[in-house]
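Morning, everyone. Let me put the model up, and then I will walk you through it from the inside out.

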Amino acid sequence: MQLLEERIRKDGIVKEGNVLKVDSFLNHQMDIRLFEEIGREFKRRFRDEEITKILTIEASGIGIACIAAQSFHVPVVFAKKTKTKNIAGDVYVSRVESYTHGRIYEIIVSKDFLKQEDRVLLIDDFLANGKALEGLADLVHQAGADLVGAGVVIEKGFQPGGEIIRSKGIRLESLAIVDAMDEKTGEIRFRDQEN
Ligand code: 5GP
């Protein structure tokens, strides 16, 4: 997605540890005009699919998912991150290893909001090692719902997540794939995509 790649080049900051900081338009301050274009692009890519629900993970996936949902006209459910083992209520639980924080946490979704008849699209901001998406896919699996695919805004193509998710047979649409980035020069190289 040309507009997104240009924005990442302009405002993205390459940090040490292979972290791309996009706080000025995606992860902290949010450029809603850009989000609208992102939402429309997800809709265009998944236009042939029947989708009844978007599932994301708190916190930074929520904004993107909500704006995308305006194109899909479906509810958004976000998996909650929890540190406690004693969770109230009837929930699906999965364990996720955090890329940015390096610890393991549990994600939960109430059984009320993910049903067997649902056809679910996963949405997240970043794909790195694939743990967040794997956790979300696991919740969908536990619910017995259909997983239609996953849409991520930025895939870091030099990390294994994309390969892992695709090798599971999950349809993955990444709006920008970063193939290389250099923290010294700030240079970012994108993969050419046919879309
Ligand atoms: P994964 O589970 O695929 O390893 O990592 C995905 C999650 O880690 C995303 O939800 C995102 O919040 C965070 N993340 C991974 N890499 C980056 C990065 O380079 N920059 C930012 N801002 N977040 C990242």
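Start with Phe 46. Leaving out residues up to four places away in sequence, Phe 46 touches Ile 51, Phe 72, Leu 121, Val 148, Gly 149, Ala 150, Gly 151, Arg 171 and Glu 173. Contact here means heavy atoms within 4.5 Å. Phe 46 sits in the loop between H3 and strand E3 (53-57). Helices are DSSP runs of H or I with at least four residues, strands are runs of E with at least two, and both are numbered from the N terminus. Is Phe 46 buried or exposed? Its relative accessible area is 0%, so Phe 46 is buried. The cut-offs: buried is under 20% relative accessible area, exposed is over 50%, and partly exposed is in between, with a 1.4 Å probe and protein chains only.

A word on ground rules. This is a predicted model, so local features need pLDDT of at least 70 and side-chain atom pairs count only at pLDDT 80 or more, while totals for chains, interfaces and linings use all residues. Residues are numbered from 1 along each chain as its sequence is written, and side-chain values use heavy atoms, with hydrogens and water left out.

Leu 121 lies in strand E7. It is buried, because its relative accessible area is 0%. Beyond four places in sequence, Leu 121 touches Phe 46, Ile 51, Lys 53, Ile 54, Leu 55, Phe 72, Gly 149, Ala 150 and Gly 151. Take Lys 53 from that list. Leu 121 and Lys 53 are 68 residues apart in sequence, yet 6.4 Å apart in space, C-alpha to C-alpha.

Now the cores. A nonpolar core is a set of buried Ala, Val, Leu, Ile, Met, Phe, Trp, Tyr and Cys residues joined through side-chain atoms within 4.5 Å. The largest one has 34 residues, and Leu 4 and Leu 20 have the most contacts inside it. Which elements supply at least two residues each? They are helices H1 (2-11), H2 (23-27), H3 (32-45) and H4 (60-72), with strands E7 (119-127), E8 (146-156), E9 (172-181) and E10 (188-190). H4 gives the largest share of this core, six residues. Apart from this core lies another, of 25 residues, including Leu 55, Val 77, Val 120 and Leu 172.

Look at Leu 20 for a moment. Setting aside neighbours within four places in sequence, Leu 20 is in contact with Ile 8, Gly 12, Ile 13, Val 14, Phe 126, Ile 154, Val 178, Met 181 and Ile 188.

Glu 41 lies in helix H3. At 13% relative accessibility, Glu 41 counts as buried. Outside four places in sequence, its contacts are Met 1 and Leu 175. Cys 66 lies in helix H4. It counts as partly exposed, because its relative accessibility is 37%. Cys 66 and Val 77 are 11 residues apart along the chain, and their C-alpha atoms are separated by 9.3 Å.

Now the backbone. Most residues other than glycine have a negative phi, and most peptide bonds are trans. Glu 58 and Ala 59 are joined by a cis peptide bond, with omega about 0 degrees. Ala 59 lies in the loop between E3 and H4. Asn 18, not a glycine, has a positive phi near 60 degrees. Asn 18 is in the loop between strand E1 (13-15) and strand E2 (19-21). At 36% relative accessibility, Asn 18 counts as partly exposed. His 73 also has a positive phi, about 55 degrees. His 73 lies in the loop between H4 and strand E4 (76-82). With a relative accessible area of 69%, His 73 is exposed.

Finally, the whole chain. There are six helices and 10 strands. Of the 195 residues, 47% count as buried. The C-alpha atoms fill a box of roughly 50 × 35 × 30 Å, taken along the principal axes. Among contacts between residues at least 6 apart in sequence, 60% join residues at least 24 apart.

That is the tour. Over to you.
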